[in-house]
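Look at the model shown here and follow its strands one by one.

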Amino acid sequence: MQRIFFKIRTYHMNQVKENNTIKVNYTGKLPDGQVFDSSEGKEPLEFTLGEGQLIPGFEKGVIDMKINEKKTITVAKEEAYGEIHKHLIQEVKRTELPKDLEPEVGMGLVSKSPDGQEMNLRIVEVGEESIVIDGNHPLAGKDLIFDLEVVAINDTEIIK
């Protein structure tokens, strides 16, 4: 049996293109200025464009940026987490909750369907007889603003 060896060469590029692996410092804000996420004090966010790891508007926003370039982008809700789906907001009787659970607004819950699929939920309202849960992403229905800085652009190719 003959072995074939491949070398992988990583090289740095000047401008972000589809399929690049990049590192980005970012701060995500709502239109009112409230920060919902940031890489500040952490390692830059590393991802490969085109793999669907991030919301589409974020990926589109970094295309053609250069190394060390900074810019602010606004991502419309349609290119972020989408609209709020009313069918994902439901009222649940407190008698259906575990006995030892004391529900609070903002608390996260996990629901398991009969086929074993898990869904993350948030409690958005607590009443005496029932609670209201929301299965939408917490940022659904919102436009998002990102301050971006590209700190690394890499591309990989296989050489025979």
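The text below treats a sheet, then a helix residue.

This is a predicted model, in which local features need pLDDT of at least 70 and side-chain atom pairs count only at pLDDT 80 or more, while totals for chains, interfaces and linings use all residues. Residues are numbered from 1 along each chain as its sequence is written, and side-chain values use heavy atoms, with hydrogens and water left out.

Helices (H or I, at least four residues) and strands (E, at least two) are DSSP runs, numbered from the N terminus. Two strands pair if DSSP finds at least two bridges between them. An open sheet is built from 4 strands in the order E6-E9-E8-E7, with antiparallel pairing. Strand E6 (89-93) and E7 are at the edges with a single partner strand each, so one side of each has no neighbour in the sheet.

Strand E7 (residues 108-112) pairs with strand E8 (residues 118-126) in the antiparallel sense over 5 bridges. Leu-109 has Leu-121 in E8 as its bridge partner. The hairpin of E7 and E8 has 5 residues between the strands, and Gly-116 in this hairpin takes a positive phi near 90 degrees. E8 is also joined to strand E9 (residues 130-134) by 4 bridges, and the two run antiparallel. Here Arg-122 stands opposite Asp-134 in E9.

Glu-59 belongs to helix H1 (residues 56-62). Not counting residues up to four places away in sequence, Glu-59 touches several residues, among them Phe-47, Leu-49 and Leu-54; contact means heavy atoms within 4.5 Å.
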